[in-house]
Structure formats: C-alpha cells, structure tokens
Amino acid sequence: MPIHEKALIRPENLLTHDKLVVDGVDVSGHWSTFIAPRVVTDYNERLQDEIAALPGGEFVHRCWQCGSCTNVCTVNAVNPDFNPRFWIYLIRMGMESELLRDKDIIWQCVSCNKCTDACPRQVVPEGVMKATARWLELKGHTPKSSSTHFDEEFSEQVIATGKIEEGRIIRNFFARTGQPLRQEWLVEMAKRIARRLPVKLGMVMGFAALVRPRTRGWAKARRAIEGHVAREETRRRAALGLASAAAAAPPSNDSARTG
Ligand code: SF4
Ligand code: SF4
C-alpha cells in the first residue's frame, strides 16, 4: 500500500519547479509536485509480530487502514505528526526505520481511547500505541518513560505485599526518576490532605508508611504471580529477539528501594 497522504511524505522527497510550463500550461509551484523515488531495504519482517507480542498490540494485524483512529485522535488534533493509522501501517509493512523517525512522539498518546471506540476492526489502536512505546524502550530506541517507571514500581509493590502504600510509591517513583521528594505541589497537597484527614485515618496511614502492611496469606498468590510474570517476560523478550531478563538485568537494588 502506498503512502497516500502528502503530509506524510518527508519534505526532502517532495520536488517542485518554481517555473514550469508544459504544453503552454503554467504548472509552476505545487502543480508540478513530484515525489522522489526511494528504495526501502531495511524491512523488519517480524515487526508486526514483535508489536503483537506486547500487551495492547495483539490485534494490530486486523487494521484495514480506514483512518478513523487518526480522524478522532485527541493528540492528532493538536499535532498532525501524531498519526496512529500511519504508524500501524508502518508496523504492518515492517518499515522499522520509518517508524523510528517518529520515536520521540509516539509516547504522547494520552490513552483517551477515542480511537479504540471509533475503530471498526477492534484493533485497539490505543493499545498498539502503548505496545509500540514499550517496544521502543525494550529495543533501546528510547529511554524508559516515567509511565513505565511508575508501572514497575506499582506492580512490584502489589506483587511483593498484595497492597499498595501511596507514600512509598511516590517516594520510590521519585527515586527511580531522579526527582527530589520535596516538590511544591506535593507539599501543598500533603498540607491540604492533613488539614481534612480524620485523625484515625491519619494514624492508619502513618502506621502503614512505617510498617509496610501485607495481605494475609499472600505468599502463595505472590509466587503464582511472579511465575506468570516471569513466563510472560521470557515470552516477550524471545519474541523481540532480546536476551532473557535475568541475563540482561544489571545488579538490582530494588529491594533496598522498596523495602
Ligand atoms: S488513545 Fe491515543 S492514539 Fe487513541 S485517540 Fe487517544 S491519544 Fe489518539
Ligand atoms: S480505525 Fe482501526 S482499522 Fe481504521 S486505521 Fe485505525 S486501527 Fe486501522
């Protein structure tokens, strides 16, 4: 399928003549637009399978390129370069290097799911955007996003204890992303909460921050979840042609951070 939107053709490939007359007809300027031919040689024939192996990307193969997702997209309305239909096309064609040219804006999806609602083929384009952003991280094309750091912190705490403790999540998230704990908005929010918080609830929250409560009998569930997560991680990394997580991971100090 050709790229049929002029806006998607890279400017350097668009050629026009400032002054051109053909058979007495002036076709100067955009009337004489030509598209420079190019040859794509670096297909990744597994690209669609790699995206489909990640959560949200499972149905990318269903797309028939109607464009409804891009038409309704919240981000596309303010930035025409944000184009889920086009990226899904590139994924399906295996045009990895073309996809990488937009690697720094794909993460901007705000998960409004308007595209998912509009899609007539149940592709779940929002999921495909998430899977693509994750694929970019796993392949080392983009750094790990704040969103991924938060997801990891949240998941690790739930898996470890069967509970979440908001204060610990915020502290560890800031540590992971190199942010100072003392932030104006956070101090202001804490003050407002403290003013309205019932004393008993405040004591429970303070206790939870110190003791790190666990769900009773959680060990069996934790082992089952850890096993499932490890199997899924192995399957995904294999699909992406990456080394196993254990082999790739640097020595971890997560236990110290979350402890
Ligand atoms: S979920 Fe993302 S891709 Fe879909 S419409 Fe919203 S911003 Fe656009
Ligand atoms: S709305 Fe669905 S079928 Fe249409 S282009 Fe977007 S993902 Fe493809």
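## Around ligand 2

Ligand 2 is surrounded by 15 residues, and the closest are C63, C66, C69, C119 and V123. Here a residue counts as near a molecule or strand if its C-beta atom, placed from the backbone, lies within 6 Å of it. This is a predicted model, in which local features need pLDDT of at least 70, side-chain atom pairs count only at pLDDT 80 or more, and totals for chains, interfaces and linings use all residues. As for labels, residues are numbered from 1 along each chain as its sequence is written, while chains are lettered from A and ligands numbered from 1 in the order in which they are written.

Helix 2 (68-72) and helix 4 (84-93) each give at least two residues to the shell around ligand 2. Helices (H or I, at least four residues) and strands (E, at least two) are DSSP runs, numbered from the N terminus. Sorted by class, this shell around ligand 2 holds 10 nonpolar, three polar and two charged residues. For these classes, Ala, Val, Leu, Ile, Met, Phe, Trp, Tyr, Cys and Pro count as nonpolar, Asp, Glu, Lys and Arg as charged, and the others, Gly among them, as polar.

## Around ligand 1

Now look at ligand 1: of the 15 residues around it, C73, C109, C112, C115 and E126 come nearest. Two or more residues of this shell come from each of helix 3 (74-78), helix 6 (114-118) and helix 7 (125-138). Which helix gives the most to the shell around ligand 1? That is helix 7, with three residues. The shell around ligand 1 is made up of 10 nonpolar, three polar and two charged residues.

## Three domains

The domain assignment divides the chain into domain 1 (6-35), domain 2 (47-138) and domain 3 (146-245); such bounds come from an automatic or database domain assignment. Taken over C-alpha atoms, the centres of domain 2 and domain 3 are 28 Å apart. Six residues from domain 2 and five residues from domain 3 take part in the contact, where two residues are in contact if their C-beta atoms, placed from the backbone, lie within 7 Å.

On the side of domain 2 that touches domain 3, helix 1 (47-52) and helix 7 each supply at least two residues. That side has three nonpolar, no polar and three charged residues.

## Helix 4 meets helix 7

Helix 4 and helix 7 pack at an angle of about 60 degrees, and their axes are 11 Å apart. Axes are lines fitted to C-alpha atoms, for helices over the stretch in contact, and angles run from 0 to 180 degrees between N-to-C directions. Helix 4 and helix 7 are therefore oblique to each other: angles under 35 degrees count as roughly parallel, over 145 as roughly antiparallel, 65 to 115 as roughly perpendicular and the rest as oblique.

In this pair, P84, W87, I88 and I91 of helix 4 meet P125, V128, M129 and T132 of helix 7. The contact of helix 4 with helix 7 has seven nonpolar residues, one polar and no charged.

## Helix 8 and its partners

Helix 8 (residues 146-161) packs with helix 12 (residues 218-239) at an angle of about 135 degrees, with their axes 7 Å apart. Helix 8 and helix 12 are therefore oblique to each other. I159, A160 and T161 in helix 8 meet W218, R222, I225 and E226 in helix 12, a contact with four nonpolar, one polar and two charged residues.

The axes of helix 8 and helix 9 (residues 166-176) come within 9 Å and cross at roughly 140 degrees, so helix 8 and helix 9 are oblique to each other. From helix 8, H149, F150, E153, F154 and Q157 meet R168, I169, N172, F173 and R176 in helix 9. This contact of helix 8 with helix 9 has four nonpolar, three polar and three charged residues.
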